[in-house]
Structures are given as structure tokens and as C-alpha cells.
Amino acid sequence: MIIGGGPGGYESALVAAQLGAQVTMVEQDGPGGACVLTDCVPSKTLIATSVRKQALLDAPSLGVAFSGGPDGDAGVVGVDLPLVNKRVKELAQAQSADIATRVEAEGVEIIKARGRLVDPQVVRAGDRTVRADVVLVATGATPRVLPGAEPDGERILNWRQLYDLEELPEHLIVVGSGVTGAEFAGAYRSLGAEVTLVSSRDRMMPNEDADGAEVLEEVYRRRGMNVMGRSRAASVKRTADGVVVTLEDGRTAEGSHALMTVGMVPNTAGIGLEEAGVQLDKGGFIKVDKVSRTSAPGVYAAGDCTGVLMLASVAAMQGRIAVWHALGEAVQPLRLATVASNIFTDPEIAAVGVAQRSIEAGEIEANVVKLPLATNARAKMQGFNDGFVKLFCRPHTGIVLGGVVVAPRASELILAVSVAVQQRLTVDQIAHTFAVYPSLSGSITEAARRLMQPGVSI
């Protein structure tokens with residue numbers, strides 16, 4: 001029995017069915033869950049549109065002019081927001097339908113209802129009660145609400161409410177400069193909105209690679225975004241025709257709309273977890289071990305409700321590991337050191353393995369090479385000036401420990417580094433691997449060649 005139909009739920013359902021188990025999945029919103037219907041898929045669809053528009057805005061530098069504006073001004077490129085949002089919603093629904101078809105084809109029963117634990121082996125799903133040998137909880141998480149800045153769905157919004165806007169915000173104030181805030185701020189700036197990004201820390205995305213965040217902030221400022229550092233929001237209130245954000249130091253920022261991106265809270269309340277013996281931490285997240293077991297016998301958990309690492313890929317792997325373990329298959333514990341992540345900004349920031357801050361803090365000894373994207377021939381041809389490839393390896397063995405790629409489609413480029421980290425390849429092995437010339441991936445093999453040279457240090 002699987003409670004929740006997001007990546008942690010439906011991916012585990014597929015594995016369980018393929019292993020011969022009878023599988024029932026309960027999901028109240030639709031297959032794919034919030035990830036597909038309101039969060040990851042819609043946001044990345046919107047971002048894809050914004051990247052396409054930004055490419056048009058940058059096209060004159062490559063000699064491509066647009067008619068209808070003075071001197072081929074690319075500013076005449078417009079955005080039909082209702083059409084954009086319609087496509088976003090339709091694509092999300094289509095993806096959900098595809099998942100339903102795939103899951104049902106494997107014999108999985110889907111119950112559209114809210115699920116709750118009655119005891120470790122009994123789940124209440126709507127008006128049905130289902131007894132199961134194994135229960136997997138994959139209920140996800142919900143946008144956190146900042147007291148004094150409650151979303152109203154019209155002027156003060158969370159990201160799940162953006163796709164109901166009929167017009168592009170004249171001036172969007174994004175509260176929160178983590179990954180979600182940075183992604184939406186960049187997208188709406190490229191779509192044509194004035195954007196102010198309110199960050200409580202010294203820089204954007206304080207928990208991400210500092211070099212990557214610095215490049216992105218420079219790009220954002222160059223595109224006209226107002227990035228306010230060390231500016232913690234105290235409240236957000238509606239005005240007659242917009243919003244006013246009051247900061248803790250007394251300053252204010254005024255705009256037409258405010259987008260709240262201040263974190264997530266787990267969907268673990270009121271579904272019988274603690275009564276069934278499932279332990280939660282002080283934030284309400286489900287405590288799990290490396291094979292996704294909870295404190296209750298036969299009950300596993302996966303995805304954002306565990307707070308392990310809020311990525312769809314991690315949720316899916318947690319779910320698969322849970323099923324493999326529950327059904328007696330050989331399984332390896334979850335290894336967070338091999339997880340690849342990506343920030344879908346423009347340019348994208350992808351990373352895998354150890355972090356630069358761990359190396360600088362002396363926690364890990366590593367050699368580092370960082371190559372600016374501007375020196376890459378393919379990047380020059382395509383007009384990509386912002387970004388870099390950074391590679392980390394052990395000093396004596398040359399085993400690749402991780403890397404960071406800041407570039408267009410960095411989410412695709414990071415795979416080579418991910419394979420190297422997962423398979424414990426050396427920089428010598430990468431350096432002796434052919435890369436297409438010219439290509440952005442050539443910077444990865446070039447970084448590996450640089451690390452082969454003696455005397456390279458951090």
C-alpha cells in the first residue's frame with residue numbers, strides 16, 4: 001500500500017508491481033502528485049518558455065534582428081501569459097495521465113482519495129480500508145506560510161498559484177532567495193516583469209555553490225533585477241493596487257505582486273503516523289534510515305515528507321530502495337554523495353558529489369580546477385559568456401569526487417561527472433575519453449586533463 005502518488009510513490013509502485021507484488025496506491029490529486037501537477041513539472045515548463053524568450057532578447061548580439069522595433073530591437077518580443085499558463089497546466093495534466101497509464105498497465109490499483117494509517121498494516125483510503133503487508137508513505141510537502149504574509153491567491157502568492165494569473169505581474173517581489181525563489185525570479189524577469197528578489201542572506205542561494213551563485217547574481221543584475229541582500233521580510237501586505245513588503249530593518253519594497261518562496265513543510269499531520277508508531281522530527285518530517293524504514297515495523301517513507309533531500313530523483317530512489325528492501329531484493333543504502341542536483345535558472349547550475357565549502361573548510365582534501373565557459377569554443381559560437389566547469393578529485397589517486405557546471409543545459413552536462421562519481425572514475429580516465437569538438441562537454445574532459453598535471457592544488 002502506497003500513500004501518495006508523487007515520484008516516491010509511483011516509482012515504487014512500478015518496482016513493486018514488476019517484482020510481483022499486489023500494489024494499491026492512494027493519491028488525492030492525481031498520479032504524479034504535487035511534483036507533476038503543481039510544482040516541478042509546471043515550474044520547469046514555465047522556465048523553458050522564459051529561457052526561449054531570453055534567447056530571443058539576446059539574439060541581436062548574434063546578428064539576428066527583429067522587425068517591428070527600432071533598429072531591430074528585440075524588445076518587441078511579447079508574452080501571452082494566459083497561453084503560457086494554459087500550456088503549463090495542460091502539460092502537467094498530460095504528464096499525470098501518462099503516469100496513470102503506465103502505472104495501471106502494471107496492474108497497480110489507484111484510489112483517488114486521502115490516505116491515512118489506521119495501524120502499521122491498515123490504511124484508510126476514502127471510504128475503503130485496505131490491509132497491507134508493507135506500507136510506503138510518500139505524502140510530499142506543502143509551501144511554508146510566513147506569518148504576516150499569508151497568500152491570498154491574487155496579490156500574495158505561493159508558486160502553486162502563479163499559473164492562475166491572467167496578466168504578467170508589473171513588478172514581482174520574490175521573498176526568499178533559495179533555489180525556488182531564484183528560479184522564479186529569473187523566469188519572470190526574462191518574461192518581462194520587473195523583479196525584486198528579497199534575500200535574508202549575504203547572497204542568493206546561500207546553501208549552493210558560491211561561485212555558481214555569484215555568476216547567477218551577476219547575470220540577474222545585468223538583466224535589470226533588483227537583488228536585495230541581507231533583507232529579511234517581516235510582513236507582506238496588500239495595498240490598493242499591489243503589495244508592500246516590510247523588512248525587519250524597517251525598509252519597504254513595493255510591487256504589484258509578491259511571490260512567497262520560504263521553504264516547505266511536510267504533509268504528515270493528521271494521517272495517523274504518530275498513532276501508528278511512526279516517529280517524526282521536530283519539523284514534522286518522518287524519520288527514516290538509509291533504506292527508507294520508519295520506526296514502525298513494515299512502514300517505509302520516501303520523498304519530501306522525510307526531508308532527506310527534496311529532489312524528485314531522491315524521492316524516486318528512496319521509494320525504489322524501500323520496495324527492494326521490503327520485498328527481499330539486494331539493495332544498497334541511499335548514498336547522498338552521489339546525488340546530482342540542478343537549479344533551473346538561466347544559466348543552470350548543476351552539481352554532484354562533494355561541495356567546494358567542504359574542501360575550503362578542510363573536511364575533504366581535493367584538487368580543484370575551474371574553467372570559465374567563455375573559453376570554450378562552442379560557448380563562444382552560441383554567445384554563452386556566463387558560467388564555468390569545476391571538477392574536484394583526490395590529490396594522489398585522481399578519483400573524481402564531484403563537480404559543478406554552470407551553463408545552459410547544465411542538467412544534461414552534469415551526467416558525465418555523475419557517472420564518474422558513482423563509478424569512482426579517475427581524472428585520467430575522463431581525460432582519455434573522447435569529447436565532441438566543439439562541445440560544451442569538452443570543458444569537462446579539459447578540466448580532467450588539467451587535473452592530471454602535477455602540482456595542481458586547491
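**A loop residue and what follows**

Modeller: Serine 292 is located in the loop between strand 17 (264-266) and strand 18 (299-301); helices (H or I, at least four residues) and strands (E, at least two) are DSSP runs, numbered from the N terminus. The model is predicted, so local features need pLDDT of at least 70 and side-chain atom pairs count only at pLDDT 80 or more, while totals for chains, interfaces and linings use all residues. Residues are numbered from 1 along each chain as its sequence is written, and side-chain values use heavy atoms, with hydrogens and water left out.

The phi angle of serine 292 is near 75°, which is positive although the residue is not glycine. Most residues other than glycine have a negative phi, and most peptide bonds are trans. Aspartate 346 and proline 347 are joined by a cis peptide bond with omega about 5°, and proline 347 sits in the loop between strand 19 (340-343) and strand 20 (348-353). The bond from tyrosine 437 to proline 438 is also cis, with omega near -5°; proline 438 belongs to the loop between helix 11 (427-431) and helix 12 (442-452).

UniProt, in an unreviewed entry, lists residues 340-448 as "domain: Pyridine nucleotide-disulphide oxidoreductase dimerisation"; its positions are given in the numbering used here, feature names are shortened, and annotations may be inferred rather than shown by experiment. In the model, residues 340-448 are 33% helix and 28% strand, with the end C-alpha atoms 19 Å apart.

An open sheet is formed by 3 strands in the order 13-14-15, with antiparallel pairing; two strands pair if DSSP finds at least two bridges between them. Strand 13 (233-238) and strand 15 (252-255) are the edges, each with a single partner strand, so one side of each has no neighbour in the sheet. On average, neighbouring strands are turned by 15° against each other, direction ignored; axes are lines fitted to C-alpha atoms, for helices over the stretch in contact, and angles run from 0 to 180 degrees between N-to-C directions.

Strand 13 and strand 14 run antiparallel and are joined by 5 bridges. They form a hairpin with 4 residues between them, and arginine 238 stands opposite valine 243 of strand 14. Strand 14 (residues 243-247) pairs with strand 15, again in the antiparallel sense, over 4 bridges; here threonine 246 has threonine 252 of strand 15 as its bridge partner.

Finally, the helix contacts. The axes of helix 3 (residues 40-58) and helix 5 (residues 179-191) come within 8 Å and cross at roughly 45°. That makes helix 3 oblique to helix 5, since angles under 35 degrees count as roughly parallel, over 145 as roughly antiparallel, 65 to 115 as roughly perpendicular and the rest as oblique. The crossing of helix 3 past helix 5 is left-handed, meaning that the near helix is turned anticlockwise from the far one by less than a right angle, with clockwise for right-handed. The contact (heavy atoms within 4.5 Å) includes Leu46, Ile47 and Lys53 of helix 3 and Phe184, Ala187 and Tyr188 of helix 5.

Helix 1 (residues 7-18) and helix 7 (residues 312-326) pack at about 35°, with axes 7 Å apart, in a right-handed crossing. Among the residues that meet are Gly8 and Val15 in helix 1 and Ala315 and Trp324 in helix 7.
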